[in-house]
Amino acid sequence: MRLVSTVVGFFLRKLGLLAALVLSLFLGYLVMQSLVPALREAAADRDRLERVVEERAALQEDLGRLQAAAAAARSEATASLEAELGDEVGTLQGAVADKRAEVERLRDGQQDVCGLVRDLIDLVTPGDACDAAEAAVREADEALDSLEDGLARAEEGVAVLRDPDLSDQEKLDRLGRGDDPAFRQDEIDAQESALEETQSEEDTLEEAQGSGTGWVVDQWARSWKWLAVIALTVLLAPIVLRVVSYFVLMPVVRRLHTPVRLADEAEAADAEIRTSDAQRTMTVHVGAGEVLSTRSAHVRSVQGRARSRLLYDWSSPFISYAAGLHEMSRLVGDETGGSVTLANPDDPNAYLMRIDLRDHPGLVMHPKHVVGVVGTPTLETRWRWGVHAFATWQVRYILFAGTGGLIVEGCGDVVATNPEGRATRVNQNLVMGFDSRLSLGVNRTEVFWPYLRGRAPLVDDEFTGHHPLFGQQSDTGEAANPVTRTFNALFSGLGKLFGF
């Protein structure tokens, strides 16, 4: 039941954090609106602008439909009128031809009726046949003129309708048919007027959105979705990466990696290493002529003459400085020897241990844990590349070799452990150093939930052999300031890469 509660609590906390991130962004937006009234007005203008844009789009769509319907009606009216006038031209051409033939026939009849002989006959007979023939010819000519005028108008109309340079509206206007209600010109004019007013309002609102407050509101409207996506990614990406690393990456690394051995067992048959008990306060005795170099901040009291030393080893200045082995106190034992009492000035939970070496091939020790050096052991470095380096993010190892002693410091306690030939797994954060004759491999941590919650590292160091490794009881506490933690994590990772 506790496991279920832990899992549910974990996911609820993540969900709550996501909601808090999005809500904090929204609350910040509301605070700005309440503090700056212009923001509220800009927000209202933006909302109005969105509605106006939709209205303008709807008006344009309606106007387009009206214009399309009117254009179709004009095109249909033009085609119908062209067909009508074409039929009329054909009819009138036939009528004109018939009327011209009739006029010719009447003229011929008039000539026959109105001759000299016919005039003499009319003198002795009642009526006047010539006058009747002339009247018939005049009536026929007038009818012919009327038909020719109608034909000319019809042909002119057809020419207008067939002119490719004129629009349908222009053709209809020239023929006096442009005011047909079917063309819905009144509706089009009203729609265009409404569209102009809406466009004018949209331009005014867009100009207002170009101001500072409008820009802020516009940016929020544009960015809140991807801000929520970023917040969700920030929360979920580490979880997904941890799950993939635990169940996919580490099993592959475990199978492919080759354990690292920095020193050969056969080359150090006479090597010796001795350790003292861990103490919060340690008194280090030096014999006549023996040298002790220690961090000045750890020195509580001195018997003998101590001098300052800027760097522990001038042949390795970068290592000495990066490891904190600078601004040191150097004590050389006189005829009666000397002693120095050491303790951490800031951390009451820091413990000290003395490690003595004789003809040793190399003790790997993170220099940040080295408080003092007795004698003159040499500083050496070994580089290792490959899958193991990828898993541990460490490519260089710093060794203290030869004869001498080290005063090392750890948090909570300092313990020397001998694997006794069996594989021994240790939390990476607790490893201070190890005998270079040990075989160093990696393994996946066995505690998934603490790892998922960021309370345990993914990789455990796995040591095999018959020589000691050194570890502290707990990792050093982190600074509360998130900025400080970020920088510490960055430089700690960089230092780990190079063996610090």
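**Salt bridges in a predicted model**

Tutor: Among contacts in the chain between residues at least 6 apart in sequence, 81% join residues at least 24 apart. Keep in mind that this is a predicted model. The chain has 500 residues, and 37% of them are buried. Its secondary structure comes to eleven helices and 18 strands. The accessible surface is about 28,600 Å², with 55% of that belonging to carbon and sulfur atoms.

Now to the part you asked about. Side chains of opposite charge can pair when their charged atoms come close. The structure holds nine salt bridges. One of them is formed by Glu272 and Arg358, whose closest N and O atoms are 2.7 Å apart. This pair links distant parts of the chain, as its two residues are 86 residues apart. Glu272 lies in strand β2, which covers residues 272-275, and Arg358 lies in strand β9, which covers residues 350-365.

The side chains of Arg358 and Asp359 meet in a salt bridge, at 3.3 Å from N to O. Asp359 has a relative accessible area of 47%, so this residue is partly exposed. Salt bridges that share partners join Glu272, Arg274, Arg358 and Asp359 into one network.

Another salt bridge pairs Asp356 with Arg354, and here the closest N and O atoms are 3.0 Å apart. Asp356 is buried, because its relative accessible area is 17%. Arg354 comes to 18% and so counts as buried.

Glu139, Glu142, Asp145 and Asp149 gather in a surface patch of negative charge. For this patch, residues must have over 30% relative accessible area and no salt bridge. Glu142 is placed in helix α4, which runs over residues 129-161. With a relative accessibility of 54%, Glu142 counts as exposed, because the limit for that class is over 50%.

Definitions and conventions
Residues numbered from 1 in each chain as written. Predicted model: local features only at pLDDT ≥ 70, side-chain atom pairs only at ≥ 80, totals over all residues. Heavy atoms only, no water. Patch = residues over 30% accessible without salt bridge, like charges linked within 9 Å, V, L, I, M, F, W, Y side chains within 5 Å. Areas by Shrake-Rupley, 256 points an atom, 1.4 Å probe, with all protein chains shown as cover. Salt bridge = Lys/Arg side-chain N within 4 Å of Asp/Glu carboxyl O. Lys, Arg positive; Asp, Glu negative; His and termini not counted. Charge placed at Lys NZ, Arg CZ, Asp CG, Glu CD. Helix = DSSP H or I, 4+ residues; strand = E, 2+ residues; numbered from the N terminus. Buried < 20%, exposed > 50% of the residue type's maximum accessible area, 1.4 Å probe, protein only. Contact = heavy atoms within 4.5 Å.
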